[in-house]
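Trainee: I am new to this structure. Please take one part and walk me through it closely, with the charged side chains as the theme.

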Amino acid sequence: MGEPTWTREKLQRLVQREISDYQLIVVSNRQPYVHELVEGKLSYSSTAGGLTTAIDPLMQECGGTWVAYGGGKGDYYAVDENNRIQVPPDDPSYTLRLVWLTEQEEQGYYAGFSNEGLWPLCHNAFIEPTFKTSDWETYKAVNNVFAKQVLDEIDGRPAAVFTQDYHLALLPRLLRDADPDIITGQFWHIPWPTYEIFRICPWGGELLDGLLGNDLLGFHIGDHCDNFMEAASRVLGSQVHDEYNLVYQREEPTLVRPFPISVDFEQINLESQSPEVTEEIDRLLEELDLGGKIVGLGIDRIDYTKGIPHRIRAIGRFFEKNPEQIGKVVFVQAGVMSRANIHAYQLLSDQIDLELAAVNGRFSNDNWQPILYLPDDLPAVTLAALRRIARFCVVSSLHDGMNLVAKEYVASRFDEDGVLILSPFTGSAHELIDSVIVNPYATEAFADAILEAVEMPYEERRERMIRMRSVVEENNIYLWAARLFVDMMQGARRSRRPIRSY
Ligand code: GDG
């Protein structure tokens, strides 16, 4: 049997015990709440994406400060003279401190080095990474901007800094150089590639050295840890102690461990039972004409790693092989556009339109269309309603660190019904072994997996869903954070000891 379920309260007690002597600071590129100014009126919304989904509930529970780039047009008007604002705006529980970047900085550091360089480097999606020297220079400069802001926030007090993701790989080393007493942990939300791929990056050594300024470095799965440790050993010549998951760089250890990220199971489970969601279900059934149909669902940030064209092709093949399903099954593809100023994403958008036109053009009739595409930033209540309507949910990533959409679908199915079709190239597939696992490149098998989901008897759906739900309930976001915080403090204690004591 697994460990007992972790709750918000239990995590709060753990944080008080382990970290209360330190100021807790989370740092990320993206802010959890963004402000807009429309006709002189300030409004806010929470940002879409896996990082906010995972970290915001933790900060609400633990308190502290979240330092992030203020990219919203209204952000400047929302903060106080120290660039701080209490969030969530409706019911404040922690501090958000915003960092300002120029357009040129945002372009070089975020769109350029992070998203045209590191993102394709770390995902096996066959998109060639672009490495421009000017982007790299800006990336370094912006990591320095963040370091200054974090140090200013710390103001010489004891602090534990928990950095997020690939935008800030150099930050931990900068912090450690400025103040070796700062406890440093980082979670890398995307995969880490094999050495053969990683060495394409012209500044790989500097990235590794930056990350090895952490006491603790977390990835979703063991393979990514192994890849990272191999890169550190082969690129930098760092000493790697596999048996302890430790890497020594500059004679200081970094603990490198897997922490499979998750969702707030209880909250999603409860929210999906709310009257608002039930009303939204009625509205969607009517508006999208879904009554009496078997509905399949995809929810993704529109990104080339998510395998959306592959999914559309498989749906087309499914109707081709199973014409009796025409008119009976509808697939709803929802999700927000992202990184629209990057060329590869514009190409993806065009490709999705072409694939959609091919399938919808071929199979639609006067009363029915096989795929409904809703590429919008949909409100949480609509996403929750879609998850409840859907007989099956498809996650077909070509490569994905974890994929929270899969876990959200499972958490929201309090009725213990529904089938998850899941790519083996996601971190989630390591845990959700009762899903229907299918390779998104194998169109034939993918089409058959859709038929399997459509025809799966209720008893089997229920048995599989019950097992998946107990996995997500057990391994929830609070267990993830608890393990991470405990290991971060343990890593910090170790790194203050001389190497020879091992
Ligand atoms: C990275 C890693 C890792 C989607 N569309 C809308 C919307 N969403 C929400 C989903 C989910 C989140 O965004 C997406 O999370 P994922 O985990 O699927 O993917 P990434 O954004 O690529 O996240 C990933 C994650 O970090 C955490 O470590 O799992 O592997 O790539 O919560 O529901 N939310 C709203 N409107 C939308 O249209 N509000």
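Predicted model: local features only at pLDDT ≥ 70, side-chain atom pairs only at ≥ 80, totals over all residues.

Mentor: Pick out Asp 226. Its place is in helix H9, residues 222-236. Asp 226 is partly exposed, because its relative accessible area of 46% falls between the 20% and 50% cut-offs.

Now turn to charges that meet a partner. The count of salt bridges comes to 33. Look closely at helix H12, which spans residues 308-321. Arg 317 and Glu 320 form a salt bridge, 2.6 Å from N to O. They sit three residues apart in H12, so about one helical turn separates them. Arg 317 has a relative accessible area of 24%, so it is partly exposed. Glu 320 is partly exposed too, at 34%.

Go on to Lys 321. Its side chain meets that of Glu 444 in a salt bridge, 2.8 Å from N to O. Lys 321 lies in H12, but Glu 444 lies in helix H16, residues 443-455. The pair therefore ties together parts that are 123 residues apart in sequence. Lys 321 is partly exposed, with a relative accessible area of 31%. Glu 444, at 37%, also counts as partly exposed.

Step back from the two pairs. Arg 317, Glu 320, Lys 321, Arg 362, Glu 444 and Asp 448 are linked in a network of salt bridges.

Asp 215 and Arg 176 form a salt bridge, with their closest N and O atoms 2.7 Å apart. This pair links distant parts of the chain, 39 residues apart. Asp 215 is in the loop between helix H8 (204-211) and strand E9 (216-219), while Arg 176 is in helix H6, residues 171-178. Here both partners are buried.

For contrast, finish with some strands. Strand E16 covers residues 392-395. Phe 392 and Val 394 point one way from it, Cys 393 and Val 395 the other, and all are buried. E16 runs parallel to strand E17, residues 419-422, and four bridges join them. Cys 393 has Leu 420 as its bridge partner in E17. Val 395 stands opposite Leu 422. In E17, Val 419 and Ile 421 point one way and Leu 420 and Leu 422 the other, again all buried. E16 also pairs in the parallel sense with strand E13 (residues 294-299), over two bridges. There Leu 297 stands opposite Cys 393.

Terms used
Residues numbered from 1 in each chain as written. Heavy atoms only, no water. Buried < 20%, exposed > 50% of the residue type's maximum accessible area, 1.4 Å probe, protein only. Pairing = 2+ DSSP bridges. Salt bridge = Lys/Arg side-chain N within 4 Å of Asp/Glu carboxyl O.
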